[in-house]
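Here are my notes for your first look at this structure. Keep the viewer open and follow the points in order.

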Amino acid sequence: MVLGQPLRIPCEDSMNDVSKSITKLNHKSKMFVLRERAVSLLPKLFNAWRITHLVFEKDTDAYGRERDNEVMALAKKAGVEVITKSGRTLWDSDDVVKAHGGKPTMSISQLQAAGAKLGEIAAPIEAPKSLPDPGEMSLDFEQTQPEPKSDINEHFREDREKTYSFGIAGPNGDFSVPPLEELGMKPATTPHRGGETIALEMLDEILADEEYTGTFEKPKTSPAAFEPQSTCLTSPYLHFGALSCRYFYHKADEVVQKRRKAKKSVSEPPTSLTGQLLFRDMYFAAQAALGFSFGQTYNNPNCRFIPWHLPSKIDLNTKLVTGDYEIDDEEKEIWFQRWAHGKTGFPWIDAIMRQLRYEGWIHHLARHSVACFLTRGGCYISWERGAEVFEDLLIDHEAASNIGNWQWLSCTAFFSQFYRCYSPVAFGKKWDPDGGFIRKFVPELKDMDKKYIFEPHKAPISDQKKAGVLIKGDGEEAERNGLKLYPMPIFDFPTQRDICLQGMKSAYSVGLHGNDQKVLDGTWKEAFDDNGEGPTEGRKGGPGGLTTFEEADGAEEASHGHPTPKKGNVERSSDSPKSTRGRKREHSQSTLDASFKKKAK
């Protein structure tokens with residue numbers, strides 16, 4: 001199994017599929033993709049194509065709002081009427097926030113109460129039966145290239161991005177969908193394909209099984225199932241717009257109501273199929289209320305402050321994360337990189353992370369396992385580091401849901417029962433007693449006796465050699481003397497779990513949130529014992545959990561007294577194949593879109 005690049009193919013599939021659907025309605029038309037940033041291209045198109053109306057789906061992501069606001073301002077200046085429609089969520093997220101008193105929805109009950117004020121979830125609109133001709137498509141202006149800046153997807157590219165090498169209409173001049181090769185991307189490894197056609201076929205199959213649809217309870221599905229998976233795997237299609245969340249909701253609800261009428265058992269939100277869509281709306285509305293601040297601890301009033309290791313660096317001028325992080329402890333950086341690449345020495349965790357890196361999708365309980373392990377149940381590393389890795393690798397990544405779930409699993413928001421910890425051994429055994437999931441995604445252990453499959457380091461050397469593997473090293477070496485190598489565990493889990501639980505108890509006792517003054521001015525350290533888990537030694541730290549103010553951008557412009565000395569901070573090499581870079585979460589996946597300055601709410 002070659003691990004590496006699961007990404008982006010569902011997006012390409014989805015665009016090509018909708019293009020084919022357009023052509024079926026009008027053989028002269030298709031999806032036309034223009035290769036230039038929206039904010040520089042659209043003003044030129046307004047004039048060249050004499051555009052009178054601009055219609056697009058409202059984007060609720062913080063980055064999308066910044067881009068769309070600039071586009072709308074440009075359209076207004078050009079005299080173009082803008083029409084936006086809400087379609088990504090069951091209710092308009094901004095309307096939900098208003099109905100909730102301007103506050104983020106932090107529970108399903110809050111979301112449902114706000115939704116009740118807004119009325120019934122709108123029924124989906126039928127697809128058009130015909131489309132007009134596309135009209136004149138000639139272009140008499142030059143392509144405007146973006147300003148050179150760091151490429152956040154550089155570590156996924158095999159070649160340079162060629163988007164701006166072929167002109168606005170692409171290499172064949174036909175406005176085609178750009179393939180991964182044009183973007184310089186590595187070939188995708190995920191077996192999951194995109195597109196509305198596949199999405200609707202999948203949904204029909206799901207709904208045809210009324211027992212499954214009507215009694216679905218997500219916590220009872222298995223994270224170890226892979227051929228096929230135990231959940232419906234519709235999340236990537238919701239993300240890419242290939243499946244309407246309202247269509248899904250109403251179709252699933254029809255089955256539930258039919259079963260209710262027949263006095264058959266049904267599941268209820270939040271664990272039901274419709275409940276999963278409500279969870280999604282809850283996170284979207286929380287993000288809509290907080291903007292970019294939702295995606296970080298610092299300056300986030302709803303996020304508990306925990307002095308995690310590897311804290312995000314802060315820009316004091318914007319009060320937002322810079323996209324980099326401080327290495328306050330070199331050992332924790334090693335743990336993080338081994339977690340991200342499936343080399344922790346805990347086979348259940350490593351199998352999940354390798355499935356993620358290969359397929360771009362993992363079951364929600366698998367996400368729970370690895371998120372708990374990285375944060376409050378093992379490594380005590382910032383949830384923001386995990387959110388960035390998931391953003392890179394998930395084919396169903398949506399900023400609101402990803403951030404919200406990481407806050408939930410780290411017990412910094414939405415959920416507070418931090419003592420409920422997922423064991424990387426016992427929890428895996430519950431779902432995968434024979435180790436089939438591990439054997440699939442950690443093939444060096446495929447012949448290990450099931451007695452040791454979850455803790456292979458406990459197997460006698462003779463049993464290891466019989467299985468064709470040695471438990472040795474840190475995962476950098478794959479084979480030695482004809483035997484596969486699998487790494488030793490990064491730590492003793494029971495010991496580290498107890499350390500984490502004590503750290504969480506301490507942080508909860510202190511009771512700070514991301515916007516508290518102590519978190520903003522660095523005096524948070526005074527509230528923690530020097531022996532507390534995390535970078536807590538000393539009396540004065542930096543903003544948001546940093547060791548010093550020297551690690552914050554704009555520190556030289558602020559008056560914070562004398563910064564405390566740096567301790568144990570090392571720079572990460574961007575050239576290292578092990579490096580999983582932190583980065584701003586407002587970026588798009590290509591240089592086609594602009595980078596906007598984030599603004600705190």
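1. Start with a strand pair. Ser 312 has Tyr 325 in E4 as its bridge partner. Asp 315 is bridged to Leu 320 of E4. Strands E3 (residues 312-315) and E4 (residues 320-325) pair in the antiparallel sense, over 3 bridges. Two strands count as paired if DSSP finds at least two bridges between them. Strands are DSSP runs of E with at least two residues, helices are runs of H or I with at least four, and both are numbered from the N terminus.

2. A word on the model. It is predicted, so local features need pLDDT of at least 70 and side-chain atom pairs count only at pLDDT 80 or more, while totals for chains, interfaces and linings use all residues. Residues are numbered from 1 along each chain as its sequence is written, and side-chain values use heavy atoms, with hydrogens and water left out.

3. Now the turn. E3 and E4 form a hairpin with 4 residues between them. Lys 319 in the turn has a positive phi of about 60°.

4. Are the faces of E3 covered or open? Both are covered. Ser 312 and Ile 314 are buried on one side, Lys 313 and Asp 315 on the other. Buried means under 20% relative accessible area (1.4 Å probe, protein chains only). In E4, 5 of the 6 residues are buried, so this strand is largely enclosed by the rest of the structure.

5. Next, the largest nonpolar core. It has 130 residues. Phe 248, Trp 339 and Leu 445 have the most contacts inside it. Helix H10 (residues 273-290) gives the largest share, 12 residues. Such a core is a set of buried Ala, Val, Leu, Ile, Met, Phe, Trp, Tyr and Cys residues joined through side-chain atoms within 4.5 Å. Another core, of 15 residues, lies apart from it and includes Leu 34 and Phe 175.

6. Finally, look at two helices. The axes of H10 and H15 (residues 399-409) come within 8 Å and cross at roughly 95°. Axes are lines fitted to C-alpha atoms over the stretch in contact, with angles from 0 to 180 degrees between N-to-C directions. H10 is therefore roughly perpendicular to H15, a label for angles of 65 to 115 degrees.

Notes
Buried means under 20% relative accessible area, exposed over 50%, partly exposed in between (1.4 Å probe, protein chains only). Angles under 35 degrees count as roughly parallel, over 145 as roughly antiparallel, 65 to 115 as roughly perpendicular and the rest as oblique.
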